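Please walk through this protein with the structure open beside the text.

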Amino acid sequence: MYIQQLIDKGFPIKSVLKDSIIYEPGMKPRFVYFIKSGEIRMVTVSEEGKEFIQGVFKSGQYFGEPALLVNRPYLAFTIANKNSELIALGRDDFFKLLKSDSDFSMDLIKVLSNRLFYKSMMLEELANEKAEHRLETIINYLFTDLAKGDSLNVTRQDLADMTGLRVETVIRGVKLLADKGLILLHKGKIIKK
């Protein structure tokens, strides 16, 4: 909805190739990025080079606003998971949109609240030593927006990156959750019950 409005107002669409970095830690925030098409992941990277996924943003969503709102440097990398099209909305234009469109402002509050809820949930889960519990929690969270019978569109590697676990641990954990009847597996896909 907002993306078409931005296009109609003449904001340019920028093509971003898969694996391109949009911003990285320490950069000064200048834009909020609206995704016309594609998918972007936000990650932090450990000293050993292991990625921890903070979030995945898809077509119709936006990212980069927290750092811009508080005028602090970015804390994570954003990387294109696939070829994407973005609209970069500068600081002044973003604040004009917030002031002029109360529906967008309410949407932003909901988006930020959902992200805060997710971060709080993950912080609690990372403190839990049991891999099975971490996996069950993240899978149930990811099921939130899916209908019964839909499959999760995440890889075992994605689940590992979201939970801080190794892929092998995720594979065993998913099988264990399925054996206990807590999730359904069909041809390797995790299905919402």
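**Strand pairing and the domain contact**

In this predicted model, strand β3 (residues 31-37) pairs with strand β8 (residues 84-90) in the antiparallel sense, over six bridges. One place to look is Phe31, whose bridge partner in β8 is Gly90. Strand β3 is also joined to strand β6 (residues 62-63), by two bridges, and these strands too run antiparallel.

Next, the domains. The domain assignment gives domain 1 as residues 3-102 and domain 2 as residues 129-191. Taken over C-alpha atoms, the centres of domain 1 and domain 2 are 27 Å apart.

What do domain 1 and domain 2 bury between them? The area is about 500 Å², and 52% of it lies on carbon and sulfur atoms. On the domain 1 side, Lys50, Phe52 and Ile53 lose the most area to domain 2, and together they account for 75% of what that side buries. Counted by contact, four residues of domain 1 meet seven residues of domain 2. The side of domain 1 that touches domain 2 has two nonpolar and two charged residues, and no polar ones.

How many salt bridges are there between domain 1 and domain 2? The count is zero. For polar contact, one residue pair is counted between domain 1 and domain 2, with both residues at pLDDT 80 or more.

Technical notes: Residues numbered from 1 in each chain as written. Predicted model: local features only at pLDDT ≥ 70, side-chain atom pairs only at ≥ 80, totals over all residues. Heavy atoms only, no water. Domains from an automatic or database assignment. Contact = heavy atoms within 4.5 Å. Buried area = accessible area lost by both parts, 1.4 Å probe. Salt bridge = Lys/Arg side-chain N within 4 Å of Asp/Glu carboxyl O. Polar contact = N/O pair within 3.5 Å; in protein donor to acceptor, adjacent residues only side chain to side chain. Nonpolar A, V, L, I, M, F, W, Y, C, P; charged D, E, K, R; others polar. Pairing = 2+ DSSP bridges. Helix = DSSP H or I, 4+ residues; strand = E, 2+ residues; numbered from the N terminus.
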